[in-house]
Amino acid sequence: MTLSPVPPHGDSLAAIRVSEALPVAIIGGGPVGLAAAAHLLQRGQTPLVLEAGESVGANVAQWRHVRFFSPWKYSVDAASRALLESQGWTMPDPDEYPTGDDLTTRYLLPLAATPQLAPHIRFGARVISVTRRGFDKMKTTGRDEAPFLLTIRLSDGREEAILARAVIDASGTWTAPNPLGASGAPAVGERELGAHIAYGIPDVLGAARERYAGRRVLVAGSGHSAFNTIVDLAELARQVPGTHITWVIRKPAGGQVFGGGDADALPARGALGQRVRELVERDMLRLVAGFKALSLEQTGAGIAVGGEQDGVEVTLPPVDELIVATGFRPDLALLSEVRLALDSATESPVALAPLIDPNLHSCGTVPPHGAIELAHPERDFYIAGMKSYGRAPTFLLLTGYEQVRSIAAALSGDWDAAREVQLVLPETGVCSSSYGAGDSCCGVSTPSDTSSDATTIAPRRTGKPVAIPVHAGGSGSCCG
């Protein structure tokens, strides 16, 4: 038996007894989950990665056609790179922009296959609940001394219990997209017509081409994920007559509907918005601004979307298919017996929420953070990666790497390292584009000056934005 690290809730010497033989369970085998395992191994700890899919990066595979804005040199975790290079792996061109498929085939799969990491990954193991062994949420006395109990569902439907001394939930948010319904819940009829709705960024010009070619398609969302889809659909419409696009956004027309244009610090991002603006001006698609979707109904003429526009109830012309790009949210069902401290709006850890609230910050004003800001009342439990940001859309892949580096240090008792900032964050926000510099799901974005690769280290909790010089580019919020 050994003492746990000093708890992140303060500087007291309170400690709990946990079994050294138990692993640290990591939920999710994506980039951040594998990085967590690599950092734990680097510190002599035993990780256990539980991946629901049959391969690492199962969620990434769903956006394999998407290209990052940020290059390889800002898409690879340091501890993971060390593992790979010990096996003779060669870093791809640091200035090349990878796609999701590149990230999987050239980075995640080789990383998972390293002899150091491979024995610590279980595939086809979906975590369906996390709790303390023998303690429901209401029981306190002795709780911290009990190991975590994770129930997993295997690919063949059987269930199994696993014990762990700590848990890092890096399962992401990709499987929990926001609905079309403007009230936060699915619009009336949205579930019923789910077969005609795609969430996120479907491969319109590739795998999903036949689904949308020659059809009437409604795209909902005002972010760059929607921009990507609109531009691809416009190209499909050029190739296949009869493909019609309706673009629905909740914000009013004008202002920043099309982004910053020529004034954008990231030229590729500005160019993407300008491309969409041109499509609207050329009547290549119909823009419906200030529309809040409330209902969907299958009619003889197609799917009718009803809602409110400028306080007036309206029904849009019928469509055949819908693409909803309105963001993602965390699935907290498996954590119902864990004592969490989540912000009521963002659904992120309470200490992190004011740092990432999109009503207050862009990506560039989010200070670096780690184990301290990610702590919950449940000792030695952390949510990392995209899921830690809850509903906030500004997550960066490098942020996740820094989170798990800090968490691994904390779980190893090295609180000096856990508190240390080893990451600088970009100033210019996040975005994505499938043109120009590329389409982004997990990169970083910064000013276009690339004269220096120097990293600036700043104290924690300064609240001041810090930046790392990289090529102009950005990131979306789909990697956890």
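**Exercise 1.** At roughly what angle do the axes of helix α2 (residues 78–85) and helix α3 (residues 100–112) cross?

*Solution.* The model is predicted, so local features need pLDDT of at least 70 and side-chain atom pairs count only at pLDDT 80 or more, while totals for chains, interfaces and linings use all residues. Residues are numbered from 1 along each chain as its sequence is written, and side-chain values use heavy atoms, with hydrogens and water left out.

Step 1. Helices are DSSP runs of H or I with at least four residues, strands are runs of E with at least two, and both are numbered from the N terminus. Axes are lines fitted to C-alpha atoms, for helices over the stretch in contact, and angles run from 0 to 180 degrees between N-to-C directions.

Step 2. The axes of α2 and α3 come within 10 Å and cross at roughly 70°. Therefore α2 is roughly perpendicular to α3 (the class for 65 to 115 degrees; under 35 is roughly parallel, over 145 roughly antiparallel, the rest oblique).

Step 3. Ser80, Leu83 and Leu84 of α2 meet Tyr107, Pro110 and Leu111 of α3, where contact means heavy atoms within 4.5 Å. These residues divide into five nonpolar, one polar and no charged. Ala, Val, Leu, Ile, Met, Phe, Trp, Tyr, Cys and Pro count as nonpolar, Asp, Glu, Lys and Arg as charged, and the others, Gly among them, as polar.

**Exercise 2.** Which residues have the most contacts inside the largest nonpolar core?

*Solution.* Step 1. A nonpolar core is a set of buried Ala, Val, Leu, Ile, Met, Phe, Trp, Tyr and Cys residues joined through side-chain atoms within 4.5 Å. Buried means under 20% relative accessible area, exposed over 50%, partly exposed in between (1.4 Å probe, protein chains only).

Step 1. The largest core has 61 residues, and those with the most contacts inside it are Leu34, Tyr107, Ile168, Tyr382, Ile407 and Leu411. Helix α9 (residues 397–411) gives the largest share, nine residues.

Step 2. A second, separate core of 27 residues includes Val219, Ala226, Ala234 and Val257.

**Exercise 3.** What is the strand order in the open sheet of three strands?

*Solution.* Step 1. The order is β14-β15-β16, with antiparallel pairing; two strands pair if DSSP finds at least two bridges between them.

Step 1. Eight bridges join β14 (residues 291–299) to β15 (residues 302–309), and a hairpin connects β14 to β15 through two residues. Gln298 stands opposite Ile303, and Thr299 has Gly302 as its bridge partner.
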